[in-house]
Structure formats: C-alpha cells, structure tokens
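Please keep the sequence and the model side by side while reading.

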Amino acid sequence: MSFISLFDVIGPNMVGPSSSHTAGANKIAFLAQKMIAEPITKVEFTLYGSFAKTYRGHGTDRALLGGIMGFYTDDLRIRDSYEIADEAGLDYSFVINDIEEDVHPNTVDILMENEKGQRLSVRGESIGGGKVRISRINGVEVDFTGEYSAVIVTHYDRVGVAAHITKSLSESEVNIAFMHLFREKKGHIAYTIVESDGKLPEGIDDKIMENENVNDVMIVQL
C-alpha cells in the first residue's frame with residue numbers, strides 16, 4: 001500500500017489539499033512573478049488571516065514558493081519547492097502579520113527583488129475555488145483576477161495616456177476584454193490594467209513605452 005502525502009495530486013488541476021490555501025496561493029505568486037523581470041533573487045511573503053495560521057499545514061508556503069518560481073497549480077514540483085528554491089539560491093522568507101485584521105482572510109503580500117535590484121510589491125487574495133484577486137501593486141489599490149492575459153501599465157496620471165494605451169493595443173489587433181485605471185491620487189502614479197481575450201503580441205510593451213508619461217509595462221501572458 002503506497003503512502004499518499006498532502007501534496008499529491010487530488011484533482012486534475014491542483015497539487016495540495018486546499019483550493020484556497022494551496023491552488024489560490026500558488027496562482028497569486030505565479031501572477032506576481034510575471035510582473036517583474038526575471039530572475040527573482042529575493043522574495044518576502046507576508047501572510048495574513050487564515051494564511052498566517054495554517055500556511056505550513058495546508059502547504060501555502062510550498063505553493064507560494066512554487067508560484068514565485070513559475071510552477072503553476074498542477075506542477076508536481078510544488079511538493080519540492082523548498083529544496084528547488086534552495087538549490088537555485090533564492091533568498092526567501094515568510095512573515096506572519098497577525099495584527100492587521102481588516103484584510104481578506106486569505107491574503108498575502110509578496111515583495112520581490114530581481115538581480116537588477118528592481119523591487120515590486122504585490123498583494124493577492126485567494127477568494128475560493130482556486131480563484132484569486134490581485135488587490136494592490138506597490139501600495140496602489142487595484143483589481144485584477146488573472147483570468148486573462150493582461151497588460152499592466154505604470155504611468156503618470158496625465159491626459160492622453162489611456163488613449164495612447166488603447167491606440168497601441170488596437171494597432172496591434174489586441175481585443176480588449178476589460179480595462180481599468182487605478183491611481184494614488186489625481187496627477188500622480190496610476191496603473192492601467194488591460195485584460196485581453198487572446199495572447200498578447202510581442203513588442204506591445206515597447207509600443208506602449210513610447211509615451212513619455214509611461215514608466216513601466218508589465219505583461220502577464222497566460
């Protein structure tokens with residue numbers, strides 16, 4: 001009789017015991033790592049609510065580590081993510097925040113740093129059934145599900161930037177499914193998130209970067 005661990009496949013699209021605590025956590029980290037240039041050399045996971053209470057028992061830690069290394073929810077390497085991260089020289093840590101309570105119970109902040117010294121902070125929430133929501137990028141409130149490929153544009157809140165983004169996408173024959181703009185406050189840093197029905201074409205980031213008010217373009221290709 002063979003032993004089946006908690007990290008064996010229990011469904012067609014998931015490794016681990018919980019769609020919220022493993023599959024959802026993995027998907028948050030998987031999306032986060034697509035927003036920063038590789039390779040990631042350091043990552044800090046800050047866990048809230050039930051993530052903080054049960055992250056070891058439910059495999060949330062392994063799922064997060066696996067996601068940050070690009071392993072998706074059904075990748076068997078998630079079971080060995082600690083060992084693989086150590087072999088790769090990834091500097092990782094888990095921080096428990098049991099003080100802030102006004103957050104979704106399955107919330108994680110992911111602070112990443114790549115070899116160029118670039119840093120990016122992403123907050124994600126696992127909302128059930130393996131579905132997630134990215135709710136913050138670098139402290140700015142956003143709303144992004146990761147169900148579609150997306151262009152995430154960091155820019156100054158200036159007249160004409162949104163029009164430039166949509167024009168660039170249209171000229172590249174990208175069909176927009178959803179488009180949202182989020183900002184800290186009027187005239188300051190803003191994020192425009194455009195989700196596409198199909199695969200995003202190569203070079204679309206360079207095209208959008210042609211506007212002087214655009215600071216960065218992140219491509220999340222699914």
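A residue is called buried when its relative accessible area is under 20%, exposed when that area is over 50%, and partly exposed in between. With these words in hand, the predicted model can be read through its charged residues, which form 11 salt bridges in the structure.

**A bridge between buried partners**
- R123 and D109 form a salt bridge in which the closest N and O atoms are 2.7 Å apart, and this pair links distant parts of the chain, with R123 in strand 6 (residues 119-128) and D109 in strand 5 (residues 106-114), 14 residues apart.
- Both R123 and D109 are buried.

**A bridge between an exposed and a buried residue**
- The side chains of R56 and D61 meet in a salt bridge at 3.6 Å, N to O.
- R56 has a relative accessible area of 54% and is therefore exposed, whereas D61, with a relative accessible area of 3%, is buried.

**A bridge within a network**
- D143 and R133 also meet through their side chains in a salt bridge, at 3.6 Å from N to O; because D143 lies in strand 8 (residues 140-144) and R133 in strand 7 (residues 131-137), the pair ties together parts that are 10 residues apart in sequence.
- D143, at 36% relative accessible area, is partly exposed, and R133, at 25%, is partly exposed.
- Salt bridges with shared partners join E125, R133 and D143 into one network.

**A negative patch on the surface**
- D80, E83, D86 and E87 gather on the surface in a patch of negative charge.
- E87, which lies in helix 4 (residues 81-88), counts as exposed because its relative accessibility is 70%.

Terms used. Residues are numbered from 1 along each chain as its sequence is written. This is a predicted model: local features need pLDDT of at least 70, side-chain atom pairs count only at pLDDT 80 or more; totals for chains, interfaces and linings use all residues. Side-chain values use heavy atoms; hydrogens and water are left out. Patches are made of residues with over 30% relative accessible area and no salt bridge: like charges are joined within 9 Å, nonpolar side chains (Val, Leu, Ile, Met, Phe, Trp, Tyr) within 5 Å. Accessible areas come from the Shrake-Rupley method with a 1.4 Å probe; for residues, only the protein chains shown count as cover. A salt bridge is a side-chain nitrogen of Lys or Arg within 4 Å of a carboxyl oxygen of Asp or Glu. Lys and Arg count as positive and Asp and Glu as negative; His and the chain ends are not counted. The place of a charge is taken as NZ of Lys, CZ of Arg, CG of Asp or CD of Glu. Helices (H or I, at least four residues) and strands (E, at least two) are DSSP runs, numbered from the N terminus. Buried means under 20% relative accessible area, exposed over 50%, partly exposed in between (1.4 Å probe, protein chains only).
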